[in-house]
Amino acid sequence: EVLRDDEALLIQGARHFCRHNGFLDTFSFLEGVKRSDPDFLNDAVQVVIDARIYDSGGMGRPYRYDHKLQVEDAQRDLQKAFIGFQGALQVYPASRSCATGNWGCGAFGGSAAVKVFIQWMAASLAGLESLEYFPWDDGVIHQFLSDSADVFSEATVGQLCQALRRAAQLQMELDR
């Protein structure tokens, strides 16, 4: 069954049976996780938020850059992230933090520069006090987060929205 644009999926009590590498067509098994390993039983809530495939030319090939910040796509992604973060807070009300990353980027063709702001706004609107963002191997986003954490720590959602628009404009200029 496909998730609707106003749905996210929460998984609680999942076990970590294996370590892996990659995703989609590059997914590969690395090793099993033993029952004695602390990762085997994980009490974390996993929030599943589906991403649109923006890659119109095939997996891994950049999609239409004019599509990166279509209003309807940004609203959908903001709503999805908000619903997921809010759901995690309902399951774990004492936890005021959530971990996330470059959701919808990579093989799906999304822009990490845009996604980081969308998730930051959604986390703020959902009532999270902090967001742990893991950009994987994206050095540009990692450096941006390191450099801008102090600048944006007191920002309003409106200010983040303005920064998102500017980041999207810069991304389109760089990609031309």
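Close-up 1. Among the residues of helix 3, I141, L145, S148 and F152 are buried, where buried stands for under 20% relative accessible area, exposed for over 50% and partly exposed for what lies in between, with a 1.4 Å probe and protein chains only. Helix 3 covers residues 139-152, helices being DSSP runs of H or I with at least four residues, numbered from the N terminus. Its 14 residues reach 19 Å from the first C-alpha to the last, close to the 20 Å expected at 1.5 Å a residue, the expected span being 1.5 Å times one less than the number of residues. A kink of about 35° is centred on S146, the bend being the angle between axes fitted to the seven residues ending at a residue and the seven starting there. The model is predicted, so that local features need pLDDT of at least 70 and side-chain atom pairs count only at pLDDT 80 or more, while totals for chains, interfaces and linings use all residues. Residues are numbered from 1 along each chain as its sequence is written, and side-chain values use heavy atoms, with hydrogens and water left out.

Close-up 2. The structure holds 2 aromatic pairs, and in one of them F117 and W120 are stacked, at 6.3 Å centre to centre with 15° between the planes. Rings of Phe, Tyr and Trp (its six-membered ring) pair if their centres lie within 6.5 Å, and planes under 30 degrees apart count as stacked, over 60 as edge-to-face and the rest as tilted. F117 and W120 are both buried and lie 3 residues apart, about one turn, in helix 2 (residues 112-126). Together with F144, they form one aromatic cluster.

**Close-up 3. The charged end of K115 over the ring of W103**. The distance from this charged end to the ring centre is 4.5 Å, a charge sitting over a ring if NZ of Lys or CZ of Arg is within 6 Å of the ring centre and within 35 degrees of the ring normal.

Close-up 4. R76 lies in helix 1, residues 71-91, and counts as buried because its relative accessible area is 6%. Its side chain makes a polar contact of 3.1 Å with the side chain of D50. Such a contact is a pair of N or O atoms within 3.5 Å; within protein, one must be able to donate a hydrogen and the other to accept it, and residues adjacent in sequence count only if both atoms are side-chain atoms. G87, also placed in helix 1, is buried because its relative accessibility is 9%.

Note on methods:
Helix = DSSP H or I, 4+ residues; strand = E, 2+ residues; numbered from the N terminus.
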